[in-house]
Every structure is written in structure tokens, then in C-alpha cells.
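Please have the sequence and the 3D view open while reading.

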Protein chains: 2
Amino acid sequence: MQFSSTLLENAVNEFSKLPGIGKKTALRLVLHLLKQDTGMVEAFGETIVKMRQQIKFCQRCCNVSDADICSICSNSMRKQEIICVVENVRDVIAIESTQQFNGTYHVLGGIISPLDGVGPDQLNIPQLISRLEKEHPEELIFGLNPNIQGDTTIYYIQKKLPASCIRITTIARGISFGGELEYADEMTLARSLQNRVPVERFVK
Amino acid sequence: MQFSSTLLENAVNEFSKLPGIGKKTALRLVLHLLKQDTGMVEAFGETIVKMRQQIKFCQRCCNVSDADICSICSNSMRKQEIICVVENVRDVIAIESTQQFNGTYHVLGGIISPLDGVGPDQLNIPQLISRLEKEHPEELIFGLNPNIQGDTTIYYIQKKLPASCIRITTIARGISFGGELEYADEMTLARSLQNRVPVERFVK
């Protein structure tokens, strides 16, 4: 791409560093910003930089937070004795959107994946273990993606768990709502059969 | 979407104001930036804001520029007496990428489109007319998209042109390279027949 302006070229290059944004999309975004008021673009830049400079990670659950302890961990209305282990912040947001979970989280910041060179020590697993030793929660829910890496991570954490009696569960794996049996893979279908749940009967 | 951090939420909101970026994509971009060094994110923000604050529009051709006159207009190696009228900066970049054009441009900043409420006065058409009256170029090429709005704009500008003798052309409309006749619409096929060009003969 040939640019008649270095300022434009630099801005396009910055945008195209973002994941999934190519040169053409970057140019479209930059030209959109060029049409906006200077004040609006300044607000855009400042908000992004401020987010990066000031954002913290909750000292308890490792979720992104404005303070040392995040709003979920400091909320006395939530069940602090239930911990849901998730891979990343996106998963916290996904579960929160269901409005069905009233416990707390622990964000691992990734998943054990030896092929990608990610071991337990690069994740927030030591923090989880020491948190469990300190808090002795009632239940530990694994809300990890159902794949080999997820299962490896569950296996690793289980082995490291303190001896104290604790209820350990994982989110159900089965056919998605609206999915079709004939298109489900064998693994999913087999698991949904193994983990079948009783149907509640309507009593007259 | 439920966020545990206002800083994160604000950043996601800013990104999702951009065209074609929804909340989920915005979140992905923000979390990517969160993983980068603070310095890199500061550079990102500063480059965007600096671009908006300092970028100029060439006083001659209305293209984006670092100075009062853009690098194309101030380049003495280019034929200043040939002007290609284009809709926007993206079209300049597209034509420059072909490396087949050695004249100058005039960026209209849009296209006449009464349905969208865009008239000639919102575009850089008055600047084009006064430029033509002053410069008396050899040729005026219309490099506009081949559609109703493009044709309307060509018609309007033609009527406003100064009486001085000037060669007016438009980029060829026809079947794309690699395209197939049977899938071309009637309008395109009809035009490509009307505007057929002689085939150069190989002479023994």
C-alpha cells in the first residue's frame, strides 16, 4: 500500500498489529477516525492507554479489576465459598451473561498446553492452590473448554488439591441447545449419554 | 455484557464505536492490548491521536497529507497537467498500488447521492472547479465507481466545467480480469461491447 501521508501510514500500521485486523480493515478504521472530531479521537486514545496503565488484576481471583480486589470478590451478596475456575476474562463475561452463577471465579490466564509451551507455572495455578488452602471453599467448579488441554488442566489441578474434603465438579458436556444428534461428534454424544440427567416428572 | 472492570468496559465501548467492530471483537482487541507492554499501548494511542490532530488535507487535491501540499502534488516527476477525480483516499491508494498512473488526483471526499442527502456542496467539487479554472489541465480522468451516484457526479461536474478545451475521460467499465461473460450483468456487458478496443496485431 502506498500512502501519501506518513501520519496515516503509522496509524494504519498500529491498527494492523491488532489480531484479525489486516491493512485494508486498518485503513477503513483510521479513515473513520479521521472523519470524527479531534476530541472524540483523543477520548478514544486516552481511554485505551488509561485502561492499560491503570487496570489491575484481582489479588484473589486474578480477574481484571479496577481495584486490588475485583467487584465480584468484594460483593458480599455472592457465595464466596463457591469457586469457578475459568481460562480467561472472556469466559468470566460469558458466564456472568447467563446470570445463573452467583459464586466467585478464578481466572487461570490460559490453559496447560505443552505443545504451545504453556506449563502450570505460566498460569495462575499456584495462586489457586494457595487460595484453596487458605479459604477451604465448599465447591470447585471447572468451567474450562471441553478439549484435551482443558482435561489436562483439570487433571493437573486435581492432583495438586489440598487433602481437605472439597466438592469438585465440571460444567456439563453434551449436545448444545438447538444442536442435532446426527451431527454431534462421537465424543460429545458418548459423554452426554454417560452423564445423562433425570427428567423432572410433572405430577398431577 | 457484564464487566468486572469499568476501565475494561470503557475501552471495549470505545472500540465498538468503530465501524464493523461489535462488542465481542472489541473485547478481543482490548484483551490483546492488555497483554502487550504499557509502552506499546501508549504508542498505539499516541499514534492515533497524533494522526487526527496533525493530519492535513492537501490544499490542491484535498488528499490526506502531512503538509499543506501533499507528496503527490509536490512531486515534480509526476504529470501535474493530468488530474484523476476520485471519491476518497482509499481510491487514491488503490490506484497508486497499480503503479500505472503518473498524474495527480482530486479527492471529492464522497459522491453525489441525493438519497443519502449528499449534494455537491458537501464535496470538494467547488475546489475542483476553481482548480480547473486556474490550472487548465490537459486531461481530466473520472476514476469513480461505476454506479448511478458515480454517473450523476460525472454529469454534474461536466456541466460545471470551464469552457476551455479539456480532454475528459473515464476509467473503462467492462468485464473484470478473470471474470466470466455469462455471469456479467447486462449493463456491464453492454458497456464493454460499446467501448470495445482494437486488438493489437502481431506483425510478421
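Buried area is the accessible area, found with a 1.4 Å probe, that two parts lose on being put together, summed over both. The size of an interface is often given in this way. In this predicted model, the area buried between chain B and chain A is about 5,200 Å².

**The interface between the chains**

- Carbon and sulfur atoms give 72% of the area buried between chain B and chain A.
- On chain B, 55 residues are in contact with 55 residues of chain A.
- There are 18 residue pairs in polar contact between the two chains, counting pairs with both residues at pLDDT 80 or more.
- The count of salt bridges between chain B and chain A is zero.

**The side of chain B that touches chain A**

- Helices H1 (6-16), H2 (23-35), H3 (38-54) and H4 (89-98) of chain B, together with its strand E2 (64-65), each supply at least two residues to this side.
- H3(B) gives the most, with 15 residues.
- Sorted by class, this side of chain B has 28 nonpolar, 17 polar and ten charged residues.

**Helix H2 of chain B**

- H2(B) has 13 residues and spans 18 Å from its first C-alpha to its last, close to the 18 Å expected at 1.5 Å a residue.
- Which residues of H2(B) are buried? They are Ala26(B), Leu27(B), Leu29(B), Val30(B), Leu31(B), Leu33(B) and Leu34(B).
- These buried residues pack against H1 and H3 of chain B. They also pack against helix H3 (38-54), strand E1 (56-57), strand E2 (64-65) and helix H4 (89-98) of chain A.

Methods
Residues numbered from 1 in each chain as written. Chains lettered and ligands numbered in written order. Predicted model: local features only at pLDDT ≥ 70, side-chain atom pairs only at ≥ 80, totals over all residues. Heavy atoms only, no water. Contact = heavy atoms within 4.5 Å. Salt bridge = Lys/Arg side-chain N within 4 Å of Asp/Glu carboxyl O. Polar contact = N/O pair within 3.5 Å; in protein donor to acceptor, adjacent residues only side chain to side chain. Helix = DSSP H or I, 4+ residues; strand = E, 2+ residues; numbered from the N terminus. Nonpolar A, V, L, I, M, F, W, Y, C, P; charged D, E, K, R; others polar. Expected span 1.5 Å × (residues − 1). Buried < 20%, exposed > 50% of the residue type's maximum accessible area, 1.4 Å probe, protein only.
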